[in-house]
Amino acid sequence: MAAISHILERGAEGATLGQRIWKSRIDYLFLIPGMLVFGAFIFWPMIASFYYSTLDWTGFGAHSEFIGLANYAELLNDEFFYSAFKRSFLFMLATVPFQMIVGLMLAIVLNNKLLKLATVFRAMIFLPVVSPVAVIAIVMVLMLSPFNGPINGFLIETHLVSRAVDLLGSPQMVLWTLAGIFVWKWTGITLVYWLAALQTVPDELYEAAKLDGVKTWQVIMHIVLPIVAPFAVVIGLISAISALNVFPLIQATTQGGPFFSSEVMEVYIFRTAFAPSSGQFPRLGYASAAGVIFGLSIMALTILQVIAVRRVRRKEAENV
């Protein structure tokens, strides 16, 4: 019987690709709806964006002219493009590490089974995540107002500042203020990711450490962090992509101002394609070229993080 099973397994492994697909044809039928959605809303827009980037087209008329890579050549000399590109990744670097560290600290505290009302605290921290960005933007604009905002009132009453600070109207402070708002809104989802990672730590390790009289900070440093460290790469990737997709928050608060000081790539693309300044005509082709470059940059970042994940898993397998 063992010999027969071995022969059957070899026969299955020797099947051609077409035979394996035909054998699993029912499984592939269930993939068709998802593939159609992916093709219509992800793959096709990517192809269309590259095609539009080779055109001199406003996007509102039928007339368009093929200009090849001229839009890309013009982008290389556009100071606003470079500034927006740098500002997007600066925003990511300013938010992701802080978001991950705070999320991990909160997760370690709230993962304690002896902590009462831990579920309530989790819900309170997660509440901004499910709140609409537009609502949060309006509330933050009112709270940070230099005229009658409660935050400026608190700073003046506690003598931390001598006069009101326009946090959303200062070119030097607006990006950091938006970064703080972003971290406050999205730390809840990072908390959930870290809580899921902490579930992989066996309870036996906590119990053994308790019996040996190991201190809490030693348990965290020598037991918890080494186990959840591989998850940091995945959580970092998700957080980085989220930080680069910050258009709704900035558009609803500052629209890239003041003086383009909070204009990230998404806002730059939107402004160029649909809301140009200084009386210029919309340039959908030029904006598509900027979008292609930005998309390729995010794709490169994703590939690097995937490579990092594979290396971490490979090292884990070698250690085992």
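**Entry 1: M92.** I began with the surroundings of M92. Apart from neighbours within four places in sequence, M92 is in contact with P97, A240, A243, L244 and L301. I note that the model is predicted.

**Entry 2: the nonpolar core.** I then looked up where M92 belongs. The largest nonpolar core holds 58 residues, and M92 is among the four that touch the most other members, together with W194, M265 and Y268. I listed the elements that give two or more residues to this core: α4, α5 (79–110), α7 (133–143), α9 (174–198), α11 (216–244), α12 (247–253), α13 and α14. Which element gives the largest share? I found that α9 does, with eleven residues.

**Entry 3: salt bridges.** I next turned to charged pairs. Side chains of opposite charge can pair when their charged atoms come close. I counted two salt bridges in the model.

One of them joins E74 and R283, and their closest N and O atoms are 2.9 Å apart. I located E74 in helix α4 (residues 70–75) and R283 in the loop between α13 (265–273) and α14 (284–319). The two residues lie 209 residues apart, so I recorded the pair as a link between distant parts of the chain.

R271 and E263 form another salt bridge, with 2.5 Å between the closest N and O atoms.

**Entry 4: exposure of the paired residues.** Are R271 and E263 buried or exposed? I found both to be buried. For E74, the relative accessible area is 34%, and for R283 the relative accessibility is 27%.

Conventions. Residues are numbered from 1 along each chain as its sequence is written. This is a predicted model: local features need pLDDT of at least 70, side-chain atom pairs count only at pLDDT 80 or more; totals for chains, interfaces and linings use all residues. Side-chain values use heavy atoms; hydrogens and water are left out. A salt bridge is a side-chain nitrogen of Lys or Arg within 4 Å of a carboxyl oxygen of Asp or Glu. Helices (H or I, at least four residues) and strands (E, at least two) are DSSP runs, numbered from the N terminus. Buried means under 20% relative accessible area, exposed over 50%, partly exposed in between (1.4 Å probe, protein chains only). A nonpolar core is a set of buried Ala, Val, Leu, Ile, Met, Phe, Trp, Tyr and Cys residues joined through side-chain atoms within 4.5 Å. Contact means heavy atoms within 4.5 Å.
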